[in-house]
Amino acid sequence: MARRFHLIVFDWDGTLMDSAGVIVTSIQRAAQDLGLEPPPEAACRHIIGLGLTEALAQLFPALPEAEHPRLVTRYRYHYLGRDAQIPLFAGVDALVRELHAQDYLLGVATGKSRKGLDRVLGYTGLGAYFHATRCADECFSKPHPQMLEELMGQLGVRPERTLMIGDTSHDLQMAANAGVPALAVSYGAHRREDLLAHGPLACVNSVEELRTWLMTCA
């Protein structure tokens, strides 16, 4: 059977790595450091997937722009203190290696910075399995389609032959803006009902279900 997709693009946080909880607590602790009211967990989860600057601006709209760098610095302090201990979701390592062995082109489109993504690709050992990656400090933040457009252009793959996989509405909106089919995962940052509202091909509940879908439908 001919494959439907040639390029599979993953979001990182909340899709491949179980980092949503650490992101939430890092935002809340950064707010406390600046004497701000910590945003509730639901609000913090909603901005996961955006670039850090865009995310913090949404969460703290009344904070003067001159204070944004201090907030970013405190967020990075708390997040980087736990970064190397954040695990991949169980089964992700094997799935990425399996897809690579089956000659899929693999990409990452993430709200992380380039430095942050390179760091986790290094310590997880997955860097060698991705053919191209894009980060929020290199492109417009999601849901702008630039990350996907650049990945497809670099790898020479058409939108209909590309699949975006993510755990947030920002991922699914980016895919729609790029004319790319999307698959949602409900084990990350956003609620299943919010993901389904964006019309993904499917919404899977675990990495095991993700693997099954990819092996039978991709």
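Predicted model: local features only at pLDDT ≥ 70, side-chain atom pairs only at ≥ 80, totals over all residues.
The buried residues of α8 are S169, H170, D171, L172, M174, A175 and A178. Seven of the 10 residues of this helix are buried, so α8 is largely enclosed by the rest of the structure.

Just after α8 comes G179, which takes a positive phi of about 70°.

## Helix α7

Helix α7 spans residues 146-155, and its buried residues are Q146, M147, L148, L151 and M152. Among the elements that cover them are β1 (7-10), β2 (105-110), β3 (132-135), β4 (162-166) and α8.

Just after α7, the residue G156 has a positive phi of about 70°.

## The crossing of α1 and α4

Two packed helices are described by the angle between their axes and the distance between the axes. For helix α1 (residues 20-33) and helix α4 (residues 68-80), the axes come within 8 Å and cross at roughly 135°. Because of this angle, α1 is oblique to α4. The crossing of α1 and α4 is right-handed.

On the α1 side, the contact is made by V22, I23, S26, I27, R29, A30, A31 and D33. On the α4 side, L71, R74, Y75, H78 and Y79 take part. By type, the residues of the contact of α1 with α4 comprise eight nonpolar, two polar and three charged.

Key:
Residues numbered from 1 in each chain as written. Heavy atoms only, no water. Axes fitted to C-alpha atoms, helices over the stretch in contact; angles between N-to-C directions. Helix = DSSP H or I, 4+ residues; strand = E, 2+ residues; numbered from the N terminus. Parallel < 35°, antiparallel > 145°, perpendicular 65-115°, else oblique. Left-handed = near helix turned anticlockwise from the far one by under 90°. Contact = heavy atoms within 4.5 Å. Nonpolar A, V, L, I, M, F, W, Y, C, P; charged D, E, K, R; others polar. Buried < 20%, exposed > 50% of the residue type's maximum accessible area, 1.4 Å probe, protein only.
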